[in-house]
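The sequence and structure come first.

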Amino acid sequence: MNDRLQTVDFWFDPLCPWAWMASRWMLEVEKVRPVRTVFHVMSLSVLNEGRDLDEDYEEEMAAGWIGARTAIGVERAYGSEGLRDFYTAIGTRYHPLGQRKGDVGVIKDALRQCGFDEAIADRAAAGDWDDELRASHHQGMDPVGNEVGTPVIHINGKALFGPVISPAPKGEAAGDLFDGVSKVTAADGFFELKRSRDRGPIFD
């Protein structure tokens with residue numbers, strides 16, 4: 001096995017439970033493979049601008065701006081490691097704990113847990129960092145195309161949507177899945193494997 005540390009760039013929106021599941025998988029991969037995940041921010045709200053959405057999803061997209069902007073604000077203030085910590089804090093609240101997405105108080109709780117400036121959430125609510133958010137979004141999403149959402153990973157020079165998994169595998173099972181995902185990127189013409197989901201996100 002190659003022991004050289006491999007970097008996987010991972011784009012997420014805090015809103016997305018599937019990105020959350022895949023991010024927890026990547027943290028498990030780091031325990032069993034020489035891999036380091038570098039997290040970046042995309043935005044489902046940016047992705048869906050101008051699209052005809054049903055009312056419930058449109059409300060979710062409206063709520064998504066503040067979390068994504070806050071993530072960008074954290075990255076600018078505290079770097080990649082800070083963003084990694086914030087994603088765990090906000091994602092735990094949004095997904096396993098089921099707290100209200102886009103709520104300023106929930107976001108401030110996550111910032112406080114990380115020891116970060118809570119005023120970042122206020123600035124995000126006021127609309128700061130939209131230009132930076134769009135730039136980060138396009139850096140991750142443009143190489144993979146416009147027919148996907150999140151998670152998106154950049155691995156071995158390829159940009160891929162997914163994997164969409166539930167629950168997130170642990171231990172060597174996580175490593176085995178990573179080996180498979182990594183392997184398919186060796187085929188230049190590989191584009192897609194897919195089947196219909198038969199379960200929702202299983203948080204454990």
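Helix H1 (residues 17–32) has 16 residues, which at 1.5 Å a residue should span 22 Å, and its end C-alpha atoms are 24 Å apart, in agreement with that expectation. The expected span is 1.5 Å times one less than the number of residues. Helices are DSSP runs (H or I, at least four residues), numbered from the N terminus.

The model is predicted: local features need pLDDT of at least 70 and side-chain atom pairs count only at pLDDT 80 or more, while totals for chains, interfaces and linings use all residues. Residues are numbered from 1 along each chain as its sequence is written, and side-chain values use heavy atoms, with hydrogens and water left out.

Of the 16 residues of H1, 12 are buried, so the helix is largely enclosed by the rest of the structure. Buried means under 20% relative accessible area, exposed over 50%, and partly exposed in between (1.4 Å probe, protein chains only). Among the buried residues of H1 are Trp 18, Trp 20, Trp 25, Arg 24 and Glu 28.

A salt bridge is counted when a side-chain nitrogen of Lys or Arg is within 4 Å of a carboxyl oxygen of Asp or Glu. The count by this rule is 16 salt bridges.

| Pair | Closest N to O distance |
|---|---|
| Glu 28 and Lys 31 | 2.9 Å |
| Asp 128 and Arg 123 | 2.7 Å |

Glu 28 and Lys 31 are 3 residues apart in helix H1, about one helical turn. Glu 28 is buried at 14% relative accessible area, whereas Lys 31 is exposed at 63%. Asp 122 is partly exposed, with a relative accessible area of 38%. In the remaining pair, Asp 128 is partly exposed at 26%, and Arg 123 is partly exposed at 43%. Elsewhere, salt bridges with shared partners join Glu 30, Arg 36, Glu 81 and Arg 84 into one network.

On the surface, Asp 52, Asp 54, Glu 55, Asp 56, Glu 58 and Glu 59 form a patch of negative charge. Such a patch takes residues with over 30% relative accessible area and no salt bridge, joining like charges within 9 Å. Glu 55 belongs to helix H3 (residues 55–94) and is exposed, with a relative accessible area of 60%.

Note on methods:
Patches are made of residues with over 30% relative accessible area and no salt bridge: like charges are joined within 9 Å, nonpolar side chains (Val, Leu, Ile, Met, Phe, Trp, Tyr) within 5 Å. Accessible areas come from the Shrake-Rupley method with a 1.4 Å probe; for residues, only the protein chains shown count as cover. Lys and Arg count as positive and Asp and Glu as negative; His and the chain ends are not counted. The place of a charge is taken as NZ of Lys, CZ of Arg, CG of Asp or CD of Glu. Helices (H or I, at least four residues) and strands (E, at least two) are DSSP runs, numbered from the N terminus.
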